[in-house]
Amino acid sequence: MSLLFACITVLLWVIGSAVVGLSSYDCSEVADNFIPCVTYLVELESRPADRCCSGLQVLNQMAKINDKGPRDICQCIEDLAYTMNAPYVASRIQSLSRECHIHFSFPISIAMDCYR
């Protein structure tokens, strides 16, 4: 069910972006998809929640829509980490890809180097 919701969300986002010609992302949408991962990244949970992994799938699809997508998503995640003052654990960031069985289409690291 959550996969269906994620697919619908991405589809609506793509249609909306095409209609209004957006070149960057609404960080609130990025945050909605990334926030379920924070409890894992700060070691409050032993594994990422299903909503975290499905949110990362949505972000991966969003990152592929335009050339600036990966950088924009990374920047939103960086801003979110700064705003929340969340001490992400480097090993958790590195294991997130493996735990969710996903290869990121956007950069994410402890350094949050969005321009790599």
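**Aromatic pairs and the nonpolar core**

Reader: Phe104 and Phe106: buried or exposed?
Author: Heads-up: this is a predicted model, where local features need pLDDT of at least 70 and side-chain atom pairs count only at pLDDT 80 or more, while totals for chains, interfaces and linings use all residues. Numbering starts from 1 along each chain as its sequence is written, and side-chain values use heavy atoms, without hydrogens or water. Buried is under 20% relative accessible area, exposed is over 50%, and partly exposed is in between (1.4 Å probe, protein chains only). Phe104 and Phe106 are both buried.

Reader: What sort of pair do Phe34 and Tyr88 form?
Author: Their centres sit 6.2 Å apart, with 65° between the planes. Phe34 is in helix H2 (residues 27–34) and Tyr88 is in the loop between H5 (69–84) and H6 (90–100), 54 residues apart. Phe34 counts as buried because its relative accessibility is 0%, and Tyr88 does too, at 10%. The pair is edge-to-face.

Reader: And what sort of pair do the rings of Phe104 and Phe106 form?
Author: The ring centres are 5.3 Å apart and the planes meet at 50°. That angle is why the pair is tilted.

Reader: Which residues have the most contacts inside the largest nonpolar core?
Author: A nonpolar core is a set of buried Ala, Val, Leu, Ile, Met, Phe, Trp, Tyr and Cys residues joined through side-chain atoms within 4.5 Å. The largest has 28 residues, with H4 giving the most, seven. Contact means heavy atoms within 4.5 Å; leaving aside neighbours within four places in sequence, Phe34 is in contact with residues including Leu41, Ile77 and Tyr88. The residues with the most contacts inside the core are Phe34, Leu56 and Leu59.

Key. Rings of Phe, Tyr and Trp (its six-membered ring) pair if their centres lie within 6.5 Å; planes under 30 degrees apart count as stacked, over 60 as edge-to-face and the rest as tilted. Helices (H or I, at least four residues) and strands (E, at least two) are DSSP runs, numbered from the N terminus.
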